[in-house]
Amino acid sequence: MTRASSRSERDPEAVELGARLRQVRELNGLSQRELARRAGVTNSNISLIEQGQISPAVGSLARLLDAIPISLAQFFALDPKAPEGGIVRAGSAARTECPDIGLTIESLPVPGGRSRLLERCHFAPGADTGSAPKRLPAARAGWVISGSLELTLGVRCYTLDEGDGFHLPKGQLFRARNTSSKATIVMITNDQP
């Protein structure tokens, strides 16, 4: 590690690297002490790096990042001003139950300005949207993740198996049924009208 001679002479690249390390450490919920413990360095070294007072060698920085864990490439590709994505843990998505037809839908909003959802549809064995066709209020597309689904579009009937996909325009008449003895999982995008 190299050390700047005084606070006023700090290397701008060392200051930027330190700020980037602090951001990555904080985004991962780590204290300086915890990162130092994981990486096998002193807490004061982490502090000096984050203040831009010392610049770690590539090997030292790689060891710090392995303790987070992220790669050097991820670290340097980080755009501090870019919007950050998120995760949704199993069971915490918005949930709609349709017990009369054997369907459960979990929904996640899809970012991007439009009103769009990603839905995980669980068709219980025998689930059926009904003998009368439904009309889509918005375009949809999806994939069968597991199981199989009978999908009637207008007057054509298709059996979709795991890995098969579909796209349906707004206004499409459809019927969906799980005719198998196992549950079927389908991921669907749903543009809200």
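A residue is called buried here when its relative accessible area is under 20%. By that criterion, strand S8, which spans residues 148–153 of this predicted model, is mostly covered, with six of its six residues buried.

The side chains of a regular strand alternate between the two faces of the sheet. In S8, Ser-148, Glu-150 and Thr-152 point one way, whereas Leu-149, Leu-151 and Leu-153 point the other way. The residues on both sides are buried.

S8 has two strand partners to consider. It runs antiparallel to strand S9 (residues 156–161), to which six bridges join it, and Leu-151 stands opposite Tyr-158 of S9. Two residues separate S8 and S9 in a hairpin, and Gly-154 in the turn has a positive phi of about 65°. With strand S11 (residues 173–177), S8 pairs over four bridges, again in the antiparallel sense; here Leu-153 stands opposite Phe-174.

The largest nonpolar core has 19 residues, and Leu-21, Leu-35, Leu-64, Leu-65, Ile-68 and Phe-75 touch the most other members. At least two residues of this core come from each of helices H1 (12–27), H2 (32–39), H3 (43–50) and H4 (58–66). Apart from this core lies another, of 18 residues, which includes Leu-103, Cys-121, Leu-153 and Ala-176.

Leu-64 illustrates the contacts made across the sequence: beyond its neighbours within four places, Leu-64 is in contact with Leu-21, Leu-35, Ala-39, Val-41, Ile-46 and Ile-49. Within H3, Ile-46 and Ile-49 are buried, as are Ser-47, Leu-48 and Glu-50. Gly-52, which follows H3, has a positive phi near 75°.

Terms used:
Residues are numbered from 1 along each chain as its sequence is written. This is a predicted model: local features need pLDDT of at least 70, side-chain atom pairs count only at pLDDT 80 or more; totals for chains, interfaces and linings use all residues. Side-chain values use heavy atoms; hydrogens and water are left out. A nonpolar core is a set of buried Ala, Val, Leu, Ile, Met, Phe, Trp, Tyr and Cys residues joined through side-chain atoms within 4.5 Å. Buried means under 20% relative accessible area, exposed over 50%, partly exposed in between (1.4 Å probe, protein chains only). Contact means heavy atoms within 4.5 Å. Two strands pair if DSSP finds at least two bridges between them.
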